[in-house]
Amino acid sequence: MSRFEDHLEKLLARGSRHRSLPALEAFDPRLLRLAGRELLNFSSNDYLALSRLPLKERGGSQPSSRLLGGNLTAHLEVERRLAEFMDAEAALLLPTGYMANVGLLSALAGRGDVLLLDRACHASLVDGARLSGGRIERFRHNDFAALVRRLERLASDHAGAIFVVVESLYSMDGDTPDFAALAALKKRHGFFLVVDEAHAIGLHGPQGRGLLAAQHCRGLAEAVIFTLSKAFALQGGVIAGSARLKDLLVNRCRPLIYSTALPAGRVVSVLNRIEAILAADAARRKLEDLCRVAEHTLGLARQVWSPIFPIVVGQGEDARRAAAQLLEAGIYCPAVLPPTVPEGSARLRVSLNAAHENEDLERLNAGLVKLGLLSDQGGPD
């Protein structure tokens with residue numbers, strides 16, 4: 001048996017970890033079509049439903065990396081506008097958010113450095129940390145006491161750089177870190193802070209500029225990362241920071257150096273989406289109202305609203321079964337399985353967006369009650 005077949009057999013033997021790709025026939029942030037059926041969609045990260053806006057893309061691909069023949073004036077103009085949007089000196093555009101996260105950490109850190117990652121950080125941040133060659137330590141999710149213990153130990157016996165990596169809104173839990181506490185820790189220990197704002201950009205802060213802006217913490221992080229595949233409903237990854245950071249990344253960020261540039265038409269469309277994000281206050285208010293209703297129904301008490309609601313089932317097979325039963329009821333909400341989430345915490349990840357209506361939430365709630373995952377009085381059963 002070949003090595004890849006051996007890996008596959010092991011996955012098949014552990015059915016709770018084996019996944020396959022759905023064959024969607026049509027997509028909308030509210031409704032999608034699968035196997036000829038129209039389903040209510042609770043899987044999309046298109047939080048502001050901007051994918052419904054028409055794309056006016058012109059120009060083909062320029063088959064070259066940006067350092068050779070692929071860097072157009074359009075790329076530079078988009079980066080200027082993205083930096084302005086983020087109130088940063090500079091911004092760097094990459095083909096995907098995954099590339100931005102991997103490229104940033106692998107370019108910045110190296111042997112002799114330590115990277116402290118929240119345990120709930122996205123896999124792309126973990127991969128970037130691994131590629132850097134630095135030592136990785138992961139602290140318990142949102143547990144800053146655990147982070148302090150690591151920082152205090154490193155203060156006495158570590159000579160290299162220290163990087164702390166967090167997300168502003170966590171993709172599988174929908175919660176947020178305490179940025180005031182993080183600011184105090186940074187002032188005391190002087191680490192390099194990286195914040196991934198992938199799920200907060202477009203939703204929070206003045207005109208959707210993110211949670212750091214919302215909590216008056218602009219400038220706290222040396223590097224802010226976000227993707228254009230969530231609220232922007234496009235494709236691409238962005239790193240915002242100082243001009244010197246951008247200069248370093250242009251010279252050391254391997255996903256930028258060795259990838260073909262985004263096509264000109266797709267780059268120009270980012271300019272239109274920036275304007276759409278800035279003008280989306282009504283969609284943001286509607287989404288926040290929906291999220292507050294869902295919080296009440298699910299028995300959650302969140303200081304910062306979030307469109308992400310984890311319904312933790314436990315074992316992978318149980319989560320798969322719950323997702324299949326919702327599918328039978330016309331609701332698309334796939335199971336999220338290990339290793340994306342820790343063992344024993346397989347879940348349904350409910351993702352709301354501005355295209356949803358209150359009756360959609362009522363239909364979802366009825367489905368969860370029927371499955372025994374939600375009390376008919378509200379809150380997890």
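**Group meeting: local features of a predicted model**

Asp87 is exposed, since its relative accessible area is 53% and the cut-off for that class is over 50%. Asp87 sits in the loop between helix 3, residues 73-86, and strand 4, residues 90-94. Its backbone also deserves a remark: phi of Asp87 is positive, about 55 degrees, although the residue is not a glycine. As background, most residues other than glycine have a negative phi.

Ala35 belongs to the loop between strand 2, residues 31-34, and strand 3, residues 37-41. Ala35 counts as exposed because its relative accessibility is 65%.

I remain with the backbone for one further item. Where is there a cis peptide bond? The bond in question joins Pro338 and Pro339, and its omega is about 10 degrees. In general, most peptide bonds are trans. Pro339 is placed in the loop between strand 13, residues 335-336, and strand 14, residues 346-351.

Let me turn to helix packing. The two helices to consider are helix 13, residues 316-328, and helix 14, residues 358-371; their axes come within 10 Å and cross at roughly 130 degrees. Helix 13 is therefore oblique to helix 14. The reasoning rests on the cut-offs: an angle has to be over 145 degrees to count as roughly antiparallel, and 65 to 115 degrees is the range for roughly perpendicular. As to handedness, the crossing of helix 13 and helix 14 is right-handed.

Next, the surface. Leu8, Leu11 and Leu12 form a nonpolar patch there, and together they have about 230 Å² of accessible area. Is Leu11 buried, partly exposed or exposed? Its relative accessibility is 36%, so Leu11 counts as partly exposed.

My last item is Ala181, in helix 7, which spans residues 179-189. Ala181 is also classed as partly exposed, because its relative accessibility is 25%; the buried class requires under 20%. How far apart are Ala181 and Phe144 in sequence and in space? They are separated by 37 residues along the sequence, and their C-alpha atoms are 7.8 Å apart.

Notes: Residues numbered from 1 in each chain as written. Predicted model: local features only at pLDDT ≥ 70, side-chain atom pairs only at ≥ 80, totals over all residues. Heavy atoms only, no water. Patch = residues over 30% accessible without salt bridge, like charges linked within 9 Å, V, L, I, M, F, W, Y side chains within 5 Å. Areas by Shrake-Rupley, 256 points an atom, 1.4 Å probe, with all protein chains shown as cover. Salt bridge = Lys/Arg side-chain N within 4 Å of Asp/Glu carboxyl O. Buried < 20%, exposed > 50% of the residue type's maximum accessible area, 1.4 Å probe, protein only. Axes fitted to C-alpha atoms, helices over the stretch in contact; angles between N-to-C directions. Helix = DSSP H or I, 4+ residues; strand = E, 2+ residues; numbered from the N terminus. Parallel < 35°, antiparallel > 145°, perpendicular 65-115°, else oblique. Left-handed = near helix turned anticlockwise from the far one by under 90°.
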